[in-house]
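Subject: Structure handover

Hello,

Here is the structure for you to open alongside this note. My findings follow below it.

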Amino acid sequence: MHVPVLLNKAIELLDPKPGEFFIDGTFGNGGHAAAIVEKIFPGGKLLGIDWDKKVIANGKNVILVNDNYKNIPMILKEKKLGKADGLLLDLGMSSDQLESAGWRTGRGFSFKKDEPLDMRYGDDSVTAAEVVNTFGEDALVEIFKKYGEERYARRIAEKIVEQRKKSRIITTFQLSRIVEDVYRHRSGRSYSERPPYAAEPSGCRLGRSRIHPATKIFQALRIYVNNELENLDKILDALPLVLKQEGRAVVISFHSLEDRIVKNKFKEMSAQNILKILTKKPVTPDDVEVAANPRSRSAKLRAAQLL
Ligand SMILES: C[S@@+](CC[C@H](N)C(=O)[O-])C[C@H]1O[C@@H](n2cnc3c(N)ncnc32)[C@H](O)[C@@H]1O
């Protein structure tokens, strides 16, 4: 079950009030949305968006749309909803998607489980298997470096190209084995026993502080496949089309590439007097939240208010 991250802080900064209109651009299991609904009802309205069709089929009592959040301005127009008082984006994947528990099975988000290499939230983009099996070596190196900051990007791409000549790489375990092999040769360490790896690509750790070698490659592929950074960039640029004057935006990100985009975009827009930054420093979860919900470990929350 997905536990909403930084819930109290997100609600405090979004400051939802009875009768207001809010957008949750990454609805997921509706944990954050339920807390917003509690504050805006009666009389309020919540628009929930998720790229995952199955997520939308599960929602009740709110307007739910299966789409990419980058299309929110278009959705608002189509549904004649007008601008909103608040927007929440809780980025990345939910625990259910990661663990493939229950209704959501086998998208290959985690190297902990042997699943098809898919990694899409929606079904309208290229799959991770297509990337790994058809992209040239240089293109793979670029993806691994740009979105995973992976130091052995070239060696891993070479190995992938070598391996796929023998047989297509179609499962998470096939891919993570290739990465483990490269790391084993480079560092002399063994990564072969599995599990127990920590659960999440956003923070899989071996022992005290070592991140599992496949973490960055899986992150890179997921970001590329779902165009994650471009989606975020687009929706932040579109904030004046989405929010009313004094409308609040809260973004929770889970890795430095996303957080950098939010930080820089808020700074840029603040310099242009488009918005006011509400969080001088990013808000992070305290030790109690991290202990109760390890997924929250890498979360950073930033908020801004439209001028
Ligand atoms: C971390 S979960 C959100 C969890 C939610 N806040 C809760 O409390 O249950 C992120 C969700 O965003 C969705 N998602 C990721 N990228 C998206 C995008 N570009 N547009 C819409 N939804 C997206 C995923 O399918 C996933 O369900």
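The chain averages a pLDDT of 89, and 89% of the residues score at least 70. pLDDT is the predictor's confidence in each residue, from 0 to 100. This is a predicted model, so local features need pLDDT of at least 70 and side-chain atom pairs count only at pLDDT 80 or more, while totals for chains, interfaces and linings use all residues. Numbering runs from 1 along each chain as its sequence is written.

One stretch needs care. Over residues 193-209, pLDDT stays under 50. The model has 31 contacts for those residues beyond four places in sequence. Two residues are in contact if their C-beta atoms, placed from the backbone, lie within 7 Å.

Annotated positions

UniProt, in an unreviewed entry, places the feature "binding site" at Gly30, Gly31, His32, Asp50, Tyr69, Asp90 and Gln97. UniProt positions are given in the numbering used here, feature names are shortened, and annotations may be inferred rather than shown by experiment.

Take Asp90. It sits in strand S4 (residues 84-90). Helices (H or I, at least four residues) and strands (E, at least two) are DSSP runs, numbered from the N terminus. Asp90 counts as buried because 26 C-beta neighbours lie inside 10 Å. The cut-offs: buried means 20 or more other C-beta atoms within 10 Å of the residue's own, exposed means 12 or fewer, and partly exposed is in between, with C-beta atoms placed from the backbone. Leaving out residues up to four places away in sequence, Asp90 touches Val5, Thr26, Gly28, His32 and Ile252.

Gln97 belongs to helix H5 (residues 95-99). Gln97 is buried as well, with 22 other C-beta atoms within 10 Å.

Helix packing

Start with H7 (residues 137-148) and H8 (residues 153-166). Their axes come within 9 Å and cross at roughly 135 degrees. That makes H7 oblique to H8. Glu137, Leu140, Val141, Phe144 and Lys145 of H7 make the contact with Ala153, Arg154, Ile156, Ala157, Glu158, Ile160 and Val161 of H8. Axes are lines fitted to C-alpha atoms, for helices over the stretch in contact, and angles run from 0 to 180 degrees between N-to-C directions. Under 35 degrees counts as roughly parallel, over 145 as roughly antiparallel, 65 to 115 as roughly perpendicular, and the rest as oblique.

H8 also packs with H9 (residues 172-187), at about 130 degrees and with axes 10 Å apart. H8 is therefore oblique to H9. Here Arg155, Ile156, Lys159, Ile160 and Gln163 in H8 meet Ile178, Val179, Asp181 and Val182 in H9.

H11 (residues 228-237) and H13 (residues 256-271) pack at about 20 degrees, axes 10 Å apart. They are therefore roughly parallel to each other. Leu229, Leu232, Asp233 and Leu236 of H11 contact Leu257, Glu258, Ile261, Val262 and Lys265 of H13.

Thr172

Thr172 is in helix H9. Is Thr172 buried or exposed? Thr172 is buried, with 26 other C-beta atoms within 10 Å. Beyond its neighbours within four places in sequence, Thr172 is in contact with Gly108, Phe111, Lys113, Asp114, Glu115 and Leu117. Thr172 and Ala214 are 42 residues apart in sequence, yet their C-alpha atoms are 9.7 Å apart in space.

Best wishes
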